[in-house]
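Reader: Can you walk me through this one? I'll ask as we go.

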Amino acid sequence: MAEQFLTLMADFDDNTQREMEKWYASLKDAGFTGTQTPNLPYHISLGVFPLDKEQFAIEIMEKAAKEFAPY
């Protein structure tokens with residue numbers, strides 16, 4: 001079984017997701033290769049935590065959500 005962990009991610013809005021899809025397609029067409037996790041939106045990883053730190057991850061996510069507007 002693969003290692004399990006928690007990740008806090010900032011997802012992009014729908015318009016940005018579509019732009020990122022175009023960029024990805026252009027890079028792929030140019031010969032770049034890589035392995036992407038299927039069905040995962042384009043995002044910025046904000047942090048990675050072991051499973052036993054779930055409550056801590058929730059607390060810092062809630063704090064950030066209170067301090068920053070979505071746009």
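Reader: What kind of model is it, and how are residues numbered?

Author: This is a predicted model, in which local features need pLDDT of at least 70, side-chain atom pairs count only at pLDDT 80 or more, and totals for chains, interfaces and linings use all residues. Residues are numbered from 1 along each chain as its sequence is written, and side-chain values use heavy atoms, with hydrogens and water left out.

Reader: How many helices and strands are there?

Author: The protein chain has two helices and two strands, in the order β-α-β-α along the sequence. Both kinds of element are DSSP runs numbered from the N terminus: helices are H or I with at least four residues, strands are E with at least two.

Reader: What is the radius of gyration of the chain?

Author: The protein chain has 15 Å, whereas a compact globule of 71 residues would have a value near 11 Å. The radius is taken over C-alpha atoms, and the globule rule is 2.2 Å times the number of residues to the power 0.38. The C-alpha atoms fill a box of roughly 40 × 35 × 15 Å along the principal axes.

Reader: And how much of it is buried?

Author: Of the 71 residues, 7% count as buried. Buried means under 20% relative accessible area, exposed over 50%, and partly exposed in between, with a 1.4 Å probe and protein chains only.

Reader: Where does glutamine 17 sit, and what is it in contact with?

Author: Glutamine 17 is in helix 1, and it is buried because its relative accessible area is 11%. Leaving aside neighbours within four places in sequence, glutamine 17 is in contact (heavy atoms within 4.5 Å) with Phe12, Pro41 and Tyr42.

Reader: Switching to aromatics. How many pairs?

Author: The count is one aromatic pair. The rings of phenylalanine 49 and phenylalanine 56 have centres 5.9 Å apart and planes at 70°, so the pair is edge-to-face. Rings of Phe, Tyr and Trp (its six-membered ring) pair if their centres lie within 6.5 Å; planes under 30 degrees apart are stacked, over 60 edge-to-face, the rest tilted.

Reader: Are those two buried or partly exposed?

Author: Phenylalanine 49 counts as buried at 13% relative accessibility, while phenylalanine 56 counts as partly exposed at 43%.

Reader: Which phi does asparagine 39 have?

Author: A positive one, about 65°, although asparagine 39 is not a glycine. Most residues other than glycine have a negative phi. Asparagine 39 lies in the loop between helix 1 (14-29) and strand 2 (43-49), and is exposed, at 82% relative accessible area.
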